[in-house]
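Reader: I'm new to reading protein models. Could you walk me through this one?

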Amino acid sequence: MLFREKKELLTLFNAIHGTSYENAEDLEVTTLENAVYMSLKNDISCVLDMRLDLYEHQSTVNPNMPLRDLFYVSRLLEDRVKNRDIYSRHRITLPVPKFIVFYNGSEPQPERRQFRLSDSFAKKDGEVCLELVVVQLNINPGYNTDLIGNCRTLREYMQYTDRVRRYGMELPLEEAVERAVNECIEQGILSEFLQKNRNEVIPMSIFEYDEEKHMKAVREEGYEDGVNWGLEQGINRKEHQVICNMLQHNQPPELISQFVEKPVEYIYAVKQELQGEVREDSKYKKEKEKG
C-alpha cells in the first residue's frame with residue numbers, strides 16, 4: 001500500500017540502485033494481480049531503464065523465496081514478450097532482474113542475506129544451469145541505515161512497525177496498534193498515509209502481528225517435538241555435526257531434513273540451538289552434556 005503510488009515507488013527504486021531518477025511516469029508498474037494471474041500475486045514489481053525489480057516484504061524468513069520469484073519473473077517476462085517471436089534468429093533483449101526481500105520480523109537476521117534457488121536442488125553435481133538469487137535486506141532498526149536513510153517512506157514504515165512490536169509486548173495487540181498509529185500521526189511519521197488509510201491499516205497491522213506471534217508459537221512447538229524425537233531416536237554426534245554444518249552454510253532446514261532423513265522439526269530445533277535460543281534448562285541440552 002505504501003508504495004502503490006509511482007512517486008513513492010521511485011524513491012525506493014532510487015534507494016536500492018543508488019540512482020536519482022526524477023520522473024515517476026517513466027516507471028512501469030508490473031505487479032501481478034490475482035484477477036489476472038489466478039493464484040499468483042507478488043508484492044511489488046516495476047521496470048525502469050531496463051531494470052526489472054521485484055520487491056517482497058516478509059516478517060518471517062522464507063528460504064523458498066527464490067522459487068516464488070522464479071514463478072513471478074517467468075510470468076512477468078512471458079507477458080513482456082508475448083508479442084515477440086521467441087523462435088526468431090534475433091535475440092530478444094530483456095530487462096535486468098533484481099530480487100529483493102525487505103525483512104522486518106523478530107527473528108534475528110543479518111543485515112544482508114542471500115537465498116539461492118540452487119540451495120534447493122536435490123543434488124549438487126556439476127554446473128548449476130539454473131540460478132536465481134534473492135537478497136534479503138533487514139529493515140529493522142539499526143540495519144541497512146544507508147538504504148533506509150535514502151528512502152523516507154521505508155524509514156517511517158520501519159519506525160511504525162517497530163512501535164507496534166514494542167507496544168505489543170506490554171499492551172493487548174489492538175491497543176498497541178492504536179497507540180502506534182496515533183503517535184505516528186502526531187509526530188509526522190507516515191502521517192498522511194495513516195490518516196487516509198487508518199481504517200484499513202489498523203486491522204491489517206493487527207492481523208500481521210497476530211500472525212507473526214502465531215508462527216513463533218508454531219516454531220516453538222516444533223522445537224519441542226524435535227527435541228523429544230531426537231531424545232527418543234538417539235541422534236548420534238556425527239549426524240548432529242552434519243546438520244550444524246549445513247545450517248551454518250545457510251542450507252534450508254527442509255533440504256537438510258531430506259538429506260539426513262530426519263524430521264524437519266528436529267532440524268529447526270538444532271537451528272534454534274545454534275542461534276542461542278535453547279533454554280538453559282532444556283532436557284535436550286542436558287542430555288547432550290551427559291553425552
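Reader: Which residues of E2 are buried on one side and which on the other?

Author: First, a heads-up: this is a predicted model, where local features need pLDDT of at least 70 and side-chain atom pairs count only at pLDDT 80 or more, while totals for chains, interfaces and linings use all residues. Residues are numbered from 1 along each chain as its sequence is written, and side-chain values use heavy atoms, leaving out hydrogens and water. Strands here are DSSP E runs of at least two residues and helices are H or I runs of at least four, numbered from the N terminus; buried means under 20% relative accessible area, exposed over 50%, and partly exposed in between (1.4 Å probe, protein chains only). With that, one side of E2 has Ile 44, Cys 46 and Leu 48 buried, and the other has Ser 45 and Val 47.

Reader: What is the order of the strands in the open sheet?

Author: Strands pair if DSSP finds at least two bridges between them. The edge strands, each pairing on one side only, are E1 (28-29) and E5 (112-116). The pairing is mixed, and the six strands run in the order E1-E2-E3-E4-E6-E5.

Reader: Which residue in the turn between E2 and E3 has a positive phi?

Author: E2 and E3 pair in the antiparallel sense over five bridges, with Ser 45 opposite Leu 54 in E3. Two residues sit between these strands in a hairpin, and the one with a positive phi, about 55°, is Asp 49.

Reader: At what angle to E3 does H1 run?

Author: Axes are lines fitted to C-alpha atoms, for helices over the stretch in contact (heavy atoms within 4.5 Å). Angles run from 0 to 180 degrees between N-to-C directions. H1 (residues 6-17) lies across E1, E2, E3, E4 and E6, and its angle to E3 is about 100°.

Reader: How many residues does the largest nonpolar core have?

Author: A nonpolar core is a set of buried Ala, Val, Leu, Ile, Met, Phe, Trp, Tyr and Cys residues joined through side-chain atoms within 4.5 Å. Phe 102 is among the residues with the most contacts inside the largest one, and Phe 102 touches residues including Leu 12, Tyr 55 and Leu 154. A separate core has 13 residues, Val 47 and Val 73 among them. The largest core has 42 residues.

Technical notes: Lists of a residue's contacts leave out its neighbours within four places in sequence.
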